[in-house]
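I opened this notebook to record what could be looked up in the coordinates. The entries follow the order in which I consulted the structure.

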Amino acid sequence: MTGTVPTPVAELRTALEILDALLTVRIEERRGGPSGRPLSLDDDDGEGLPSVDRFTGSGPLATLIHSTGLTPAEALTVLAALAPAIDERFAVRYGELTDRPGAVGLTGEIARTLVARSFRGRLDATLMLAPSGRLRSSGLVDLDPPDDLSGTLRTPAALTAWLLGLPPEPPVATAAFPAHPLATVHSLDDVILPAAARRRVDALAGRIAHRSTVVADWGFAAHHDNASGLIALFHGPPGTGKTMTAAALAAHAGLPAYIVDLSALVSKYIGETEKALARVFDRAAREGSILVFDEADAVFGARTEIADAHDRYANQEVSYLLGRIEAHPGIAILTTNLLANIDTAFQRRIHVMIEFPEPGAGERERLWTAVAPPELPVDPAIDHAELARRYRLTGAQIRDATLDAAYLAAADGRVVTTGHLVAGIHRQYEKSARTVPQ
Ligand SMILES: Nc1ncnc2c1ncn2[C@@H]1O[C@H](COP(=O)(O)OP(=O)(O)OP(=O)(O)O)[C@@H](O)[C@H]1O
Ligand SMILES: [Mg+2]
């Protein structure tokens, strides 16, 4: 699983040829033609379905099928739902598998006829297409309307684009997909840290870069359970660069990153949250993206005493989330201000822990220069070393003070002076209800 998008063309061509052959057989079977004629493809499982390795090459379809372990029936349903997006003639041919007038494209019923010929097979296919089945609960296919198998089955737009090899559409955080992309203009070089933290961040970047060599090429995947999973925890006071570093690590590795919205975990709709989280984890596993859990202590802290039914459900979601994180084949980065609040049992599952301390005077001096864009007009008389020595601020506070100073300077129509910066600094102290050192 890397950031590079595998080419889907050859793979999709083969897969659609196989789908086409299966359709021909099913249409003949329906017309009472040479009935029972086995599909001239190997590995007939009794339903006349080809095995999944018949239509997996090295493209996104293969990644999807293998990362989620889809059965032939599931994989063919996804493929059939995708096919009209590539070739609308499939939609017409599907019509030959139903007597229902006005059926458009692939319906749930047609998909069932496509993947099953025996009674037992149809029963299994009915369960496969149920809302709780993996295909729908993981968001691999949507049924519209959702409670009617005569409704239309489609692959969701983001998955369709991804299977076709297009760059993924950034998801919008919703109740159904509680995560949003974490983008950044920062590189790892922009992160200013004391030496020990810096070394750990660089080591983590190396570990991410060499994952596929060690895990896949050197055989760890075959020798250990979930060898590709990597859980990191960044802990330290607010504003010390934890989220920034997570984003910069993803950019450095060329991987997408998502911030998971943990407030969804207190959703009162039991079960919905698990489905929504499943979509996030499945998508991340597929794309190889990094999942970031901010304020992890809220969820990975010692499980609360059960006070009422609502808490119990929240705890159930937390157990689910812990299980998914541990089993996740990709990278997860957790951040917290309160290491002590992270459950010790869970701490043992963490592979890499990095402390982000408050910056010392040396780091603060570098921060003062680093947060100012090169275009910012500044008074050359500003003494950054003196500001750093005098004011104990975090990176986020130094950035905010500089931004305030820039607005004051813009209103004055002049360059940023020490006076503007000190005014900005005072604002930071006021916000954190601390007194300004004299
Ligand atoms: N160590 C740092 N090096 C460079 N810039 C920093 C650093 N720490 C903070 N900043 C600046 O402050 C901004 C906010 O920091 P960030 O959100 O990463 O802090 P955080 O540790 O995640 O805080 P919180 O615990 O409140 O989530 C960054 O985008 C960056 O501009
Ligand atoms: Mg943060």
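**Entry 1: the sheet.** I began with the sheet, in which six strands are arranged in the order β3-β5-β6-β7-β4-β8. The sheet is open and its pairing is mixed. I then looked at the edges, where β3 (179-181) and β8 (352-355) each have a single partner strand, so one side of each lacks a neighbour in the sheet. From one strand to the next, I noted an average twist of 25 degrees. I record here that the model is a predicted one.

**Entry 2: pairings within the sheet.** As a reminder to myself, strands of a sheet pair through backbone hydrogen bonds, in either the parallel or the antiparallel sense. I looked up β3 and β5 and found three bridges in the antiparallel sense. Ala-179 has Val-260 of β5 opposite. On β5 I also found three bridges to strand β6 (residues 290-293), this time parallel. There, Tyr-258 faces Leu-291 of β6. I next turned to strand β4 (residues 230-235), which runs parallel to β8 and is joined to it by four bridges. Leu-233 has Met-353 in β8 as its bridge partner.

**Entry 3: helix α3.** I checked the length of helix α3 (residues 72-86), which has 15 residues. Its first and last C-alpha atoms are 21 Å apart, close to the 21 Å expected at 1.5 Å a residue. Of these 15 residues, 12 are buried, so the rest of the structure largely encloses α3. I listed some of the buried residues, including Leu-76, Val-78, Leu-79, Leu-82 and Glu-74.

**Entry 4: helix α13.** I repeated the check on helix α13 (residues 272-287), where 16 residues should span 22 Å at 1.5 Å a residue. The end C-alpha atoms lie 23 Å apart, which agrees. Since 12 of the 16 residues are buried, α13 too is largely enclosed by the rest of the structure. Among the buried residues I noted Arg-279, Asp-282, Arg-283, Arg-286 and Glu-287. Just after α13, Gly-288 has a positive phi of about 70 degrees.

**Entry 5: backbone exceptions.** Most residues other than glycine have a negative phi, and most peptide bonds are trans. I noted that Glu-295, a residue other than glycine, has a positive phi near 50 degrees. Glu-295 sits in the loop between β6 and α14 (297-300). I counted 14 C-beta neighbours inside 10 Å, so Glu-295 is classed as partly exposed. I also found a cis peptide bond from Asp-144 to Pro-145, with omega near -5 degrees. Pro-145 belongs to the loop between β1 (142-144) and β2 (152-154).

**Entry 6: the shell around ligand 1.** Which residues are closest to ligand 1? I found Pro-238, Gly-241, Thr-243, Met-244 and Gly-395, within a shell of 20 residues. I sorted the shell into nine nonpolar, seven polar and four charged residues. Helices α12 (242-253), α17 (361-370) and α19 (395-412) each contribute at least two residues. Domain 2 (179-355) and domain 3 (361-431) each provide at least three residues of the shell.

Conventions
Residues are numbered from 1 along each chain as its sequence is written. Chains are lettered from A and ligands numbered from 1 in the order in which they are written. This is a predicted model: local features need pLDDT of at least 70, side-chain atom pairs count only at pLDDT 80 or more; totals for chains, interfaces and linings use all residues. A residue is near a molecule or strand if its C-beta atom, placed from the backbone, lies within 6 Å of it. Ala, Val, Leu, Ile, Met, Phe, Trp, Tyr, Cys and Pro count as nonpolar, Asp, Glu, Lys and Arg as charged, and the others, Gly among them, as polar. Domain bounds come from an automatic or database domain assignment. The expected span of a helix is 1.5 Å times one less than its number of residues. A residue is buried if 20 or more other C-beta atoms lie within 10 Å of its own, exposed if 12 or fewer, and partly exposed in between; C-beta atoms are placed from the backbone. Two strands pair if DSSP finds at least two bridges between them. Axes are lines fitted to C-alpha atoms, for helices over the stretch in contact, and angles run from 0 to 180 degrees between N-to-C directions.
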